[in-house]
Amino acid sequence: MLVIKDANYPWLLLVPRRHEAVEIIDLDEVEQAQLVAEISRVARALKEITKCEKLNIAALGNMVPQLHVHVIARRSSDAAWPRPVCGWLPPLAHDAEEIQNFISALRRKNLAWLKLMTAF
């Protein structure tokens, strides 16, 4: 799981360790079930930590073909609401202390496999 470097939105990215997978259907049924379980676990943690109104969960791959799933916390007060988050604002740099607090909160939810990623 990765944190997108864009402080406009709490935004996580899950990337299955299957480099050849482009679509969810490229995973076998056991791997699909594991992915859905991990999405649910991450989404629940993100919702609890951010107290968001809505979660956007999508497996988009128009720019990067490797299978990955976006989990984004949304609020009616965010800059792009109700539109999709991509393309509305340039990425906003995270405050160093705030991002560390966010990552620590996720890790307390047993999401220790978290890494930081640059925005795309």
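My entries on the fold and the core follow.

I noted that this is a predicted model, in which local features need pLDDT of at least 70, side-chain atom pairs count only at pLDDT 80 or more, and totals for chains, interfaces and linings use all residues. Residues are numbered from 1 along each chain as its sequence is written, and side-chain values use heavy atoms, with hydrogens and water left out.

I looked up the secondary structure, taking helices (H or I, at least four residues) and strands (E, at least two) as DSSP runs numbered from the N terminus, and found two helices and five strands, in the order β-β-α-β-β-α-β from the N terminus.

I then asked how much of the protein is buried, meaning under 20% relative accessible area with a 1.4 Å probe and protein chains only; the figure is 35% of the 120 residues.

Of its 22 residues, Leu12, Leu14, Leu46, Val71 and Phe102 touch the most other members. I recorded that β2 (11-14), α1 (29-50), β4 (69-74) and α2 (96-108) each supply at least two residues of this core, and that α1 gives the most, with six. Apart from this core lies another of eight residues, among them Leu2, Trp11, Ala80 and Val85.

For Val71 I listed contacts (heavy atoms within 4.5 Å), leaving aside neighbours within four places in sequence, and these include Leu12, Leu14, Val42 and Leu46.

Methods:
Buried < 20%, exposed > 50% of the residue type's maximum accessible area, 1.4 Å probe, protein only. Core = buried A, V, L, I, M, F, W, Y, C linked by side-chain atoms within 4.5 Å.
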